Amino acid sequence: DGQSMIFSSERDSRSDLYRVWLADRRVDRLTHHFVGRAIMPSVSPDGKSVAFAAQTLQRLQFWEFQVHILDLASGKTRPLDNTGGACWPSWSPDGRQLANVLLAKEPSTLQVRNADGGGTRELVADPKRWHYYPDWSKDGAWLAFSVSPAHHEGEDWDLAIAAPDGSKYQRLTT
């Protein structure tokens, strides 16, 4: 709405989400002490919800990232079900779908689901590359994302696109 911005900060915890109001620079805290960091906020097109990643999915002794939805009116959050870690949520332009990185296996893939969490499908554009940083085209017909043959060491990221169903995959840079 142009009135505020959502950001992640380590002010009172490992990371929580905050909203700064642009008119008076007042800051409101939106999340409170998740087990792990609350980061990577993505505001829905209607401005009513924020998708974000937080370390809340416990696997053995580790805490993996999981995508959550924060309702800005009520302040309530709900995690989206996942078979493994997930991060970098991105809303479709119409607000009906979310894309995110799925970390359930290596290399990572993308996942697209309905905004209510249902209808989850994995998008494996290139099974030999890591997939990160999804973003939608303005018309919702394409997902742009980064791909790399390696992650954490020797990264060499390229730009790729695919239809939200995983078809029409193209690497745009090499």
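In the predicted model, four strands make up an open sheet, arranged in the order β12-β13-β14-β15 with antiparallel pairing. The edges of this sheet are formed by β12, which covers residues 130-136, and by β15, which covers residues 170-171; each of these edge strands pairs on one side only. Strands of a sheet are held to one another through backbone hydrogen bonds, and such pairing is either parallel or antiparallel.

Within the sheet, β13 spans residues 143-148 and is joined to β14 by five bridges in the antiparallel sense. Strand β14 is mostly covered, with four of its five residues buried. In a regular strand the side chains alternate between the two faces of the sheet.

For Tyr133, phi is near 55°, and the residue belongs to strand β12. Lys168 is placed in the loop that runs between β14 and β15. With a relative accessible area of 57%, Lys168 is exposed.

A further backbone feature occurs at Pro107. The peptide bond leading from Glu106 to Pro107 is cis, and its omega is near -5°. Pro107 sits in the loop between β9, residues 97-102, and β10, residues 109-114.

Aromatic contacts were examined next. A pair of aromatic rings is described by the distance of the centres and the angle of the planes. Six aromatic pairs are found in a search of the whole structure. In one of them, the ring centres of Phe7 and Tyr18 are 5.8 Å apart and the planes meet at 25°, so the pair is stacked. Phe7 is part of strand β1 and Tyr18 is part of strand β2, residues 16-21, so this pair ties together parts that are 11 residues apart in sequence. The two partners fall into separate accessibility classes: Phe7 is partly exposed, with a relative accessible area of 23%, whereas Tyr18 counts as buried at 4% relative accessibility.

Another pair involves Tyr132 and Tyr133, whose ring centres are 5.4 Å apart and whose planes are at 50°, so this pair is tilted.

Empty space was then considered. Rolling a probe the size of a water molecule over the atoms shows where such space is left. The largest pocket holds about 180 Å³ of space. The lining of this pocket consists of Asp1, Gly2, Ser4, Met5, Ile6, Arg19, Val43, Asp46, Gly47 and Leu72. Strand β1, residues 4-9, gives the most to this lining, contributing three residues. Sorted by class, the lining has four nonpolar, three polar and three charged residues.

One of the lining residues, Leu72, is found in the loop between β6, residues 62-71, and β7, residues 77-79. Leu72 counts as buried because its relative accessibility is 19%, and the buried class is defined as under 20%. When neighbours within four places in sequence are left aside, Leu72 is in contact with Arg19, Leu30, Gly47, Lys48, Ser49 and Val50. Among these contacts, Arg19 and Gly47 also line the largest pocket. Between Leu72 and Val50 there are 22 residues of separation in sequence, and their C-alpha atoms are 7.2 Å apart in space.

Methods
Residues numbered from 1 in each chain as written. Predicted model: local features only at pLDDT ≥ 70, side-chain atom pairs only at ≥ 80, totals over all residues. Heavy atoms only, no water. 1 Å grid on protein atoms, 1.4 Å probe; cavity = no way out; pocket = protein on both sides within 12 Å on 5 of 7 lines; lining within 4 Å. Points joined across faces, edges and corners; volume = space filled by probe spheres on them. Helix = DSSP H or I, 4+ residues; strand = E, 2+ residues; numbered from the N terminus. Nonpolar A, V, L, I, M, F, W, Y, C, P; charged D, E, K, R; others polar. Pairing = 2+ DSSP bridges. Buried < 20%, exposed > 50% of the residue type's maximum accessible area, 1.4 Å probe, protein only. Contact = heavy atoms within 4.5 Å. Phe/Tyr/Trp six-rings, centres within 6.5 Å; stacked < 30°, edge-to-face > 60°.
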